[in-house]
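Biologist: Could you take me through this model? I would like to start with the sheet and then move on to other parts.

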Amino acid sequence: MFVLALCASVLASAPVEARAAQIASALTPSERLQLVRGQSGAPVRGGTPNGAIGSAGYVPGIPRLGVPALQETDASLGIANPGNVRRRDVATALPSGLSLASTWDPQIAYQDGSTIGDEAWRKGFNVLLGPGLNLARDPRNGRNFEYLGEDPLLAGTLAGAAICGIQDHHVIATMKHFAMNDQETGRFLLSADIGEAAMRESDLLAFELALEGGHPGAVMCAYNRVNGIYACENDHLLNDVLKDAWAFPGWVMSDWGAVHGVDAALHGLDQESNAEIDKAIRGVSAFGAPLEAAVASGAIPQSRLIDMNRRILRSMLAVGLFDEPSKRSPIDYSAHAVVALDAAERGIVVLKNAGTLPLSRSISRIAVIGGYADAGVLSGGGSSEVMPVGRALGVPLGGDDAPIAFFDRSPPLAAIRAIAPRAAVSFIDGRYPSEAAELAKHVDVAVVFATEWIGEGIDAPSLNLPNGQDALISAVAAANPHTVVVLETGNPVTMPWLDRVAAVMEAWYPGERGGDAIANLLFGKVDATGRLPITFPSAQEQLVHPELPGLDELLSARAAGFRGYQLALALLPFSVTYSDGSDVGYRRFVKQGLTPLFAFGHGLSYTTFRYGDFILEGGETLKASFKITNAGLRAGTETAQLYLTRKLGVPEMRLLGWNQVTLAPGQTRSVRVVADPRLLADFDASQNVWRIRAGLYEASLGSASDALRFRAAVPVAAQALRP
Ligand code: BGC
């Protein structure tokens, strides 16, 4: 849809394919192997590989043919600097993926991608190891903060736009982790088990849409197994689906340490990333000596190795790595900070508002409580973590893991003081609920900050806020009816105190300008535009797996002293069966009649909107047209959502599309939503087609999946669509 227009520049052309094939055929045997075996981009046992800038991955170039080295950096939320390998090299820290997904705005995704692409290019990188778009099948997944929520249309659309933004700067984007890497616990061993049609209609559909919208040069296969077979040697996923059905012309790189054997090359893997990690784990790097021997013996045809080379070269040429090589040059961090602020403001979701928000700037006494709000805003952990412009604070939050990072450029406390200069704003760290309650009694409004840190490799063990924060919020709410809760969490959390607080906003991990964004939202300097891209369950019992698979084993292994990769490998292989099929998140909640705490698509504006003149047309797909009026007294942005709610007489639930409009008070706009026909179809795995059965399809329109105001049913014609 809107995305394609932005990134036509990187579509491959016949000359690109011809040039790639020509260079591939000119490579010597050792150059062929060199191109498919990545190295660490950071020091391993004493030295950074010659020529590497310092990052997650590096593949040496071939100067005699003008082939540049691949300098690969993480990732989706800004340019990482693992272990400070490039001394004090900072980057713009953008809000989390769930924050981006809460904007429902491909333009913001494009801007984020463009910011990251620009910084990557100006730091000398030419491959970005993102975006990540695994679906949020479990709201405890430690990497959901890097991803784009639970719906394939939303995640795929936004990822496509982000890819365009990245690649418009001549930096190859890598969509990851293909596929079904939907929990971190046991990620090296688990088998994600799911039926083919269900997978194609959910997790794989997100990748399919991102591919169509963004044309990424690379795909990263995942650590886990899918239906018993490791993702990086999964012939079905890599060859049948990605390369054949979707005609992906680029290359598949492995995740770091995810290659189990040389046969992966036969099954679709084109490049082993950071081979030292595979060697450290398994004693051998599969695309080193084993690949050389397999090609020499003919076990792996030479033509396959050339195809691997050609795919890599083709993406390098298509995205402009030869013609517009990355160049170290100054970065406009101030301009990028504006992007970070805009994205953070747009991604904050006001979940509850009993009239307290927006706060008046003439309030005289405000208490700010907890959440390190005096210091900064929280960031998630792992490979995506950015060393931000400004200074990162390492705050030990307890436990035996490394300190947790806060971005200190924009502390919420300072931002609140700046926006309400006449108010007396006091701060208390919230360690003692009774002390916080005492302070709350003597102010007009108490703003409690609550945080939940998650990171790569570590799922949240439960949906509860950690570290006694529920008790803190309850105590403050009991002391002051005007209690506003600001959540900075990587995932949904439960809220046992919800009925007792006046307002709740989910700010996610809001990036380096997060404090300013939170203050601007609290005081209504901007409208509250965020809408949930993920369901907030009422209780853990509502999850597909109330007990997180593998968690007990992981905790025992940790207690026994295992750490890092050793910890991951200390578990026994196990399976996670996704019995929800393609009914991820809200789809299952609706079909099973479960009432969430907050539903997918929910989010309150500071104004109100009226819908009217809803018309639904059928035919080859569903097309809705309607009017939206801003019925309130201030400007605001509405995200009107269209869902399929009944299909051939059977209740259904899935997002068909949305339209976002910004309206002045009293203004009306006519808008349309046209559904991608695949969203009406069932995937027929035996014939590899999307099949629409003829009959009546009902669609419903509203402001959230649980706030549908209009519905209509119309006939749709039978069709079979090739992927
Ligand atoms: C992560 C990838 C990341 C890579 C390089 C892996 O552990 O799963 O997402 O791109 O490391 O840092």
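**Sheet, ligand and cores**

Modeller: An open sheet is formed by 4 strands in the order 8-7-5-19, with mixed pairing. Strands (E, at least two residues) and helices (H or I, at least four) are DSSP runs numbered from the N terminus, and two strands pair if DSSP finds at least two bridges between them. This is a predicted model, in which local features need pLDDT of at least 70 and side-chain atom pairs count only at pLDDT 80 or more, while totals for chains, interfaces and linings use all residues. Residues are numbered from 1 along each chain as its sequence is written, and side-chain values use heavy atoms, leaving out hydrogens and water.

Biologist: Which strands stand at the edges?

Modeller: Strand 8 (229-230) and strand 19 (575-577) do; each has a single partner strand, so one side of each lacks a neighbour in the sheet.

Biologist: How many bridges join strand 7 to strand 8?

Modeller: There are 2 bridges between strand 7 (residues 225-226) and strand 8, and the two run antiparallel. Val-226 stands opposite Ile-229 in strand 8.

Biologist: Changing topic, which residues come nearest the ligand?

Modeller: Asp-74, Arg-143, Lys-176, His-177 and Asp-255 come nearest, of the 13 residues around the ligand. Here a residue is near if one of its heavy atoms lies within 4 Å.

Biologist: What is the distance from a ligand oxygen atom to the side chain of Asp-74?

Modeller: An oxygen atom of the ligand lies 2.5 Å from an N or O atom in the Asp-74 side chain. For the side chain of Asp-255 the corresponding value is 2.7 Å, and for that of Lys-176 it is 2.8 Å.

Biologist: How much of the ligand's accessible area does the protein cover?

Modeller: The protein covers 93% of the 310 Å² that the ligand has on its own, with areas from the Shrake-Rupley method and a 1.4 Å probe.

Biologist: And the largest nonpolar core: which residues touch the most other members?

Modeller: Phe-178, Leu-291, Leu-313, Leu-522, Leu-622 and Phe-626 do, among 191 residues. Such a core is a set of buried Ala, Val, Leu, Ile, Met, Phe, Trp, Tyr and Cys residues joined through side-chain atoms within 4.5 Å. Its largest share, 10 residues, comes from helix 5 (residues 152-167).

Biologist: Finally, is Thr-115 buried or exposed?

Modeller: Thr-115 counts as buried because its relative accessibility is 4%; buried means under 20% relative accessible area, exposed over 50%, and partly exposed in between (1.4 Å probe, protein chains only). Thr-115 lies in helix 4 (residues 106-122).

How values were computed. A polar contact is a pair of N or O atoms within 3.5 Å; within protein, one must be able to donate a hydrogen and the other to accept it, and residues adjacent in sequence count only if both atoms are side-chain atoms.
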